[in-house]
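Hi,

Here is the structure you were waiting for. My notes on it follow below.

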Amino acid sequence: MPGTLGVIATAGHVDHGKSALIVALTGIDPDRFAEEKRRGLTIDLGYAWTTLPSGREVGFVDVPGHERFIRNMLAGVGPVRLVLFVVAADEGWKPQTEEHLQILDVLGIAGGVIALTKTDLVDADGVALATEEVRDRVEGTVLADAPIVPVSARTGDGLPDLIAALDRLVLGAPAPEEARTRLFVDRVFSITGAGTVVTGTLTGGCLRVDEEVTLEPGGVRARVRSLQTHKRAREEACHVTRVAVNLAGVERAPLRRGVVLTEPRAFRPTSSIDAIVRPVRDVDRIPERGAFLLHHGAAETSAKIRVLERLPDGALLVRVRTDEALVVDVGDRFVVWEAGRRRVVGGGIALDPAPPRAATPRHVAFLARRAASDDRAERARLAIEEAGAIRAAELELAIGTTQVANSIDGWLVADDLAEDVAAAVAASLETFHREQPLAEGAPLDVARRAVLDAVRAHGTRAEPGIADAMLDNLVADGVIVRDATTVRSATHTVQLTEHEPELDALVDAISGEDEATPPTVKQLVASGFDPALIEAAGRSGRVVRLSSDLVVTPAVLAHATQVARDHAADGMTVSVLREALGTSRKYAVPLAEYLDATGITRRHGDLRFPREDA
């Protein structure tokens, strides 16, 4: 069923009856190997399933209880959020009972049921004493409120009560988070005629037949040929459930327990993770030096831990570097196993699977803020705030969501940086408009430089494209006006009233008997006219800018337009225009091209004809 927690892992000391209980509950023996059956000892992960009274189907991952197989246990319980915790009434609390509880505690499971097994071997007083001991032992842990159900797998006593408790567990479990699809692979094998099959616990989303998938780390591409859940074929399988995936296009050889099957380009595997780590309840502190194994999902890898900050409650903000890359999402839980003491010493939550190279005090402060929230959207907002500006695609890879801010040309920008940039651009343009009041706008590079200076001052990397993206955002907000080469404040207008004498002098300079052969712009500037005044006069219509070096009066343009109309039947050539105006080709050619460019005429070969709507 989509969006439900449909997988339960067992946990508990060796020989406390976990596998026997699974057989009693499901009719399926989870021990797959002959050696397991011969020794009566679970060595590797086993799988079974049943339908509960509510009609919900649930899968079980049976894990080994012996300390020598703790790593197999971690691979099975890692991705699972519900647990059936087993304690034998005749033996009571044992070392692996405690270690398994510590693992469940640091993994932060969503709920559990405690089965007090082998009740047929003790009397009523023994059951009561064992129940009291278990309740004392789980106080203050994730199983503190879990129901304790006395049961005997051999006689069946208590089995209906246990089934009812498991049904309530599944029905009352929180809905799993919708996230990026991941199948944590814990078994790989081949079937003759079918090819490679991987099995595991599916989280985050759904898998469908014929869709393309990727196995990470390694980027191995494949296609889903078929799906099975509890040995029944499915067109679609959704989280959280046990799934077997028959893959096309991939050999078994590169695959192993610990790889993750996911959507193409959904994750970037990482070997550097910033996290918050807490020691298990009987460990005072996690050593800063040591050889560690990190267990995440079904994967295991050697790791080094660098403490960034010790928090008052005993937790650590750390940077974990792993020998092998992992497929990590923000909020993922993991377990830390210390090789020296050969035991679990702590567990953590991934806060940043793509941390910056330098763990600066500012970054560590943001890690502490991320650790204070378990909301993905809030963690995404914090990532944007810390980065200042981050590409939406990068945040999607790191956090799994971008639905926390409006994208600006593919960028997500922190509010304080956006405000700083807006203020910097406004100040830069105000200065420019004050110093050059006749200019329509500042060169684009002036505005870009203002953006980049503000970005760097914020402590954010000035990456390519960020300046134009933020200028476009200011345009969309109505703060600035931008064209191909200039930017101006939305409130800026060129005021020519106080420059009327200079404008009149400019018009006079290009008028009179020689108005068809006026001075060039270069000559006008040499004679004392401000280039900005000439630009402003062209924009206002006081003069007509034919090209970068030629301006004429509106009267010259009107005369040229009339010449074109006079030759509507036979067409106007450059020579006809030149002769009619009494000018030279130096002026006639750009004037004819201006008529074409502004839609007054249309050119056909060497002839120009007036447009009907001109």
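Where is Ala414 found? Ala414 sits in the loop between β23 (411–413) and α10. Helices here are DSSP runs of H or I with at least four residues, strands are runs of E with at least two, and both are numbered from the N terminus. Ala414 is buried, with a relative accessible area of 5%. Buried means under 20% relative accessible area, exposed means over 50%, and partly exposed lies in between (1.4 Å probe, protein chains only). Ala414 and Glu386 are 28 residues apart in sequence, and their C-alpha atoms are 8.0 Å apart in space.

Two points on the source. This is a predicted model, in which local features need pLDDT of at least 70 and side-chain atom pairs count only at pLDDT 80 or more, while totals for chains, interfaces and linings use all residues. Residues are numbered from 1 along each chain as its sequence is written, and side-chain values use heavy atoms, with hydrogens and water left out.

Salt bridges

How many salt bridges are there? The count comes to 33. The rule asks for a side-chain nitrogen of Lys or Arg within 4 Å of a carboxyl oxygen of Asp or Glu. Three of them follow.

Asp329 pairs with Arg376, with the closest N and O atoms 3.0 Å apart. Both residues are buried. Asp329 lies in the loop between β19 and β20 (333–338) and Arg376 in helix α8 (residues 376–387), so the bridge ties together parts that are 47 residues apart in sequence.

Asp313 forms a salt bridge with Arg278, and here the closest N and O atoms are 3.4 Å apart. This pair also links distant parts of the chain. Asp313 is in the loop between β18 (299–310) and β19 (316–326), Arg278 is in strand β16 (residues 270–279), and they are 35 residues apart. Why does Asp313 count as exposed? Because its relative accessibility is 54%. Arg278 is partly exposed, at 39%.

Arg448 and Asp445 meet in a salt bridge of 3.4 Å, N to O. Both lie in helix α11 (residues 444–457), three residues apart, which is about one turn of the helix. Arg448 is partly exposed at 26% relative accessibility. Asp445 is partly exposed too, with a relative accessible area of 48%.

Charge patch

Which residues gather in a patch of negative charge on the surface? They are Asp415, Asp416, Glu419 and Asp420. Patches are made of residues with over 30% relative accessible area and no salt bridge; like charges are joined within 9 Å, and nonpolar side chains (Val, Leu, Ile, Met, Phe, Trp, Tyr) within 5 Å. Lys and Arg count as positive, Asp and Glu as negative, and His and the chain ends are not counted. Asp416 is in helix α10 (residues 415–435). Asp416 is partly exposed, with a relative accessible area of 34%.

Aromatic pair

A search of the whole structure finds one aromatic pair. The ring centres of Phe85 and Trp93 are 6.0 Å apart and the planes are at 45°, so the pair is tilted. Rings of Phe, Tyr and Trp (its six-membered ring) pair if their centres lie within 6.5 Å; planes under 30 degrees apart are stacked, over 60 edge-to-face, and the rest tilted. Phe85 is buried, at 0% relative accessibility. Trp93 is buried as well, at 10%.

Backbone points

There is a cis peptide bond between Glu216 and Pro217, with omega about 0°. Pro217 lies in the loop between β10 (212–216) and β11 (220–229). A cis peptide bond also joins His239 and Val240, with omega about -10°. Val240 is in the loop between β13 (236–238) and β14 (241–248).

Which value does phi take at Asp210? Phi is near 80°, a positive value in a residue other than glycine. Asp210 is in the loop between β9 (206–208) and β10, and is partly exposed at 49% relative accessibility. Asp409 is not a glycine either, yet has a positive phi of about 50°. The loop between α9 (392–399) and β23 holds Asp409. At 52% relative accessibility, Asp409 counts as exposed.

Best wishes

Terms used:
Areas by Shrake-Rupley, 256 points an atom, 1.4 Å probe, with all protein chains shown as cover. Charge placed at Lys NZ, Arg CZ, Asp CG, Glu CD.
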